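Please read them with the structure open.

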Amino acid sequence: MQRVYGAQNEMCLATQQLSKQLLAYEKQNFALGKGDEEVISTLHYFSKVVDELNVLHTELAKQLADTMVLPIIQFREKDLTEVSTLKDLFGLASSEHDLSMAKYSRLPKKKENEKVKAEIVKEVAAARRKQHLSSLQYYCALNALQYRKRVAMMEPMLGFAHGQINFFKKGAEMFSQSMDGFLSSVADMVQSIQVELEVEAEKMRASQQELLSLDEAVYTPDFDVAAPQVNRNLIQKAGYLNLRNKTGLVSTTWERLYFFTQGGNLMCQPRGAVAGGLIQDLDNCSVMAVDCEDRRYCFQITTPNGKAGIILQAESRKENEEWICAINNISRQIYLTDNPEAVAIKLNQTALQAVTPITSFAKKQESPCPSQNVKSSEMENDKIVPKATVTIPEAEQLIAPGTPIQFDIVLPATEFLDQNRGGRRTNPFGETEDATFPEAEDSLLQQMFIVRFLGSMAVKTDNTTEVIYEAMRQVLAARAIHNIFRMTESHLMVTSQTLRLIDPQTQVTRANFELTSVTQFAAHQENKRLVGFVVRLPESTGGESLSTYVFESNSEGEKICYAINLGKEIIEVQKVRFILVLAEQLKRYLYTYLSKRKAMLTRQGGHIWDFLLSLLCARHF
């Protein structure tokens with residue numbers, strides 16, 4: 001009976017906790033929560049039902065305690081204890097009676113002491129009386145116990161039965177009408193879920209069979225290396241990559257981790273971690289394929305200030321190119337637009353015309369038509385942000401169809417000068433002599449920019465900045481078509497006389513362009529980090545060639561355009577200054593010469609002498 005009562009109390013506590021847990025189900029963060037809305041509302045209703053059942057269970061527990069447990073406890077604690085106590089008292093009285101009878105039996109026969117005999121006889125009578133009384137009480141308790149034990153067994157069971165009957169009656173009155181419709185709807189919902197489960201399981205089995213029937217080559221890494229299907233319009237990407245970690249001055253380790261993009265951030269989540277952590281901010285950064293420790297499919301992320309960032313390795317060519325495209329799209333902050341997918345498609349759409357890449361200047365064909373001479377008035381038309389003209393020339397008027405594109409970095413300056421000027425010895429170490437650029441020390445303008453060479457191509461005209469935009473479009477389209485992601489990073493030094501491309505590691509000058517030969521320059525109107533310029537160079541045949549060079553900068557391209565424009569203005573000021581200095585020297589020379597010829601001029605005519613002296617002394621000679 002104690003176990004029954006304890007179980008009923010446990011049922012009360014269990015139903016109370018169950019109701020709380022049913023309400024807390026909606027607060028659980030399940031990874032797969034499809035269709036949980038109906039389940040949550042159903043569990044809320046079940047929670048109310050369990051609360052009402054808990055009230056009934058509490059009443060039943062109280063009734064069992066009063067009508068079942070209490071009577072049996074009273075029988076055990078009162079009746080059985082009383083009989084046991086009377087038995088002990090009867091035993092003590094019997095012992096006293098035996099002691100008094102032993103004394104009485106030792107009285108002598110000859111010499112009797114009346115006084116002692118009277119005391120012993122009195123003691124025996126008292127012991128017999130006490131023994132008789134205790135025995136009567138003990139026997140009466142035993143007789144009464146025969147009836148009480150039957151009542152003690154029946155009364156608790158009667159209370160148990162009444163309590164259970166009342167519990168079921170109240171439960172039936174409370175739930176029989178309201179629960180029937182609810183339980184039938186829940187049963188229908190469970191059955192529908194079972195049907196959906198069977199359908200989904202059948203689809204999964206079909207998918208498994210389809211996967212098992214495929215060729216084993218699909219499980220091979222980089223199985224489609226010849227022609228991978230690359231999605232270049234991604235604005236988010238996730239997957240496993242190998243992260244390069246430096247463990248010493250020259251030693252490195254590679255760790256395979258799970259990477260994913262979130263907004264403009266590259267996140268990394270180690271195996272077993274609850275959430276990912278920030279690895280790199282991708283806004284305005286650059287990414288390029290690199291060669292690293294004889295490993296394939298490596299790429300490097302560079303911060304906007306030009307500092308080399310992390311180096312990662314993909315498991316296949318497709319993954320490598322998709323990661324580079326995705327990071328490139330994110331670095332342009334496409335994800336902040338209203339329709340990032342459409343913007344990515346627009347920026348990465350391929351060119352309408354076929355273009356063919358080449359790998360050296362030796363294969364570069366001559367321009368199909370000679371370029372026009374540079375006019376001095378074009379300096380006034382060079383602007384940092386090009387203005388849209390009224391009539392935009394056609395692409396064929398700017399660049400000849402089929403013009404080859406140079407994707408490699410331009411040749412070192414010494415080789416460049418040899419090819420265009422001739423008669424100069426080539427430095428076998430590829431280094432530039434210090435005397436080649438004497439303006440580096442005394443130049444009025446020196447600004448350094450970090451750029452990456454994207455490509456160059458011959459153009460037909462330099463009268464408009466549209467030729468630069470068209471060259472940018474064709475270069476980027478050619479890179480996308482031919483999967484060319486490698487870019488050579490250089491330092492672009494803008495001085496008041498030249499544009500120099502310098503190797504950031506060896507400080508060797510890779511190319512040098514006279515600032516006077518740069519006829520057009522502009523930054524891209526949408527991608528602010530793209531910048532290009534047109535260079536007019538003489539050819540060995542006596543004509544001139546026009547070439548457009550396209551770069552990607554870590555900073556805004558307008559800053560580079562501003563520096564180039566400032567250098568050109570300095571050149572114009574230096575030209576005017578040179579003319580003024582030359583005029584002053586000529587003035588002094590004439591004054592000295594005429595002073596020596598004074599006598600002869602005086603004989604010929606004094607008025608000529610006076611006129612020349614007044615002319616030389618004039619302020620604006």
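1. A residue is called buried here when its relative accessible area is under 20%, exposed when that area is over 50%, and partly exposed in between. The model is predicted. By this cut-off, 13 of the 15 residues of helix H5 are buried, so H5 is largely enclosed by the rest of the structure.

2. The length of H5 holds up to a simple check. H5 covers residues 317–331, and at 1.5 Å a residue its 15 residues should span 21 Å. The end C-alpha atoms are 21 Å apart, which agrees with that expectation. After H5 comes Gln333, with a positive phi near 60°.

3. Two helix pairs involve H2. Helix H1 (residues 2–23) packs against helix H2 (residues 36–105) at an angle of about 165°, and their axes are 8 Å apart. Angles over 145 degrees count as roughly antiparallel, and H1 and H2 are therefore roughly antiparallel to each other. The crossing of H1 past H2 is left-handed. Sorted by class, the residues in this contact are 17 nonpolar, 11 polar and one charged.

4. H2 also meets helix H4 (residues 178–213): their axes come within 12 Å and cross at roughly 150°. H2 and H4 are therefore roughly antiparallel to each other as well. Their crossing is left-handed.

5. Some backbone angles deserve a look. Most residues other than glycine have a negative phi. Asn284 is not a glycine, yet its phi is positive, about 60°. Where does Asn284 lie? Asn284 is in the loop between strand E4 (277–281) and strand E5 (286–292). With a relative accessibility of 34%, Asn284 counts as partly exposed.

6. Tyr297 also has a positive phi, near 55°, and is a residue other than glycine. Tyr297 sits within strand E6 (residues 295–302). Is Tyr297 buried or exposed? Its relative accessibility is 16%, so Tyr297 counts as buried.

7. On the aromatic side chains, the structure holds 13 aromatic pairs. One of them joins Tyr240 and Tyr258 in an edge-to-face arrangement, 5.3 Å centre to centre and with 70° between the planes. Tyr240 belongs to strand E1 (residues 238–246) and Tyr258 to strand E2 (residues 252–262), so the pair ties together parts that are 18 residues apart in sequence. Tyr240 counts as partly exposed, at 34% relative accessibility. Tyr258 is likewise partly exposed, with a relative accessible area of 29%.

8. Tyr258 has another aromatic partner, Phe260. This pair is tilted, with 6.2 Å centre to centre and 35° between the planes. Phe260 counts as buried, at 18% relative accessibility.

9. Which residues do ring pairs link into a cluster? The cluster is made up of Phe453, Phe513, Phe533, Tyr549 and Phe551.

Note on methods
Residues numbered from 1 in each chain as written. Predicted model: local features only at pLDDT ≥ 70, side-chain atom pairs only at ≥ 80, totals over all residues. Heavy atoms only, no water. Helix = DSSP H or I, 4+ residues; strand = E, 2+ residues; numbered from the N terminus. Expected span 1.5 Å × (residues − 1). Buried < 20%, exposed > 50% of the residue type's maximum accessible area, 1.4 Å probe, protein only. Axes fitted to C-alpha atoms, helices over the stretch in contact; angles between N-to-C directions. Parallel < 35°, antiparallel > 145°, perpendicular 65-115°, else oblique. Left-handed = near helix turned anticlockwise from the far one by under 90°. Nonpolar A, V, L, I, M, F, W, Y, C, P; charged D, E, K, R; others polar. Phe/Tyr/Trp six-rings, centres within 6.5 Å; stacked < 30°, edge-to-face > 60°.
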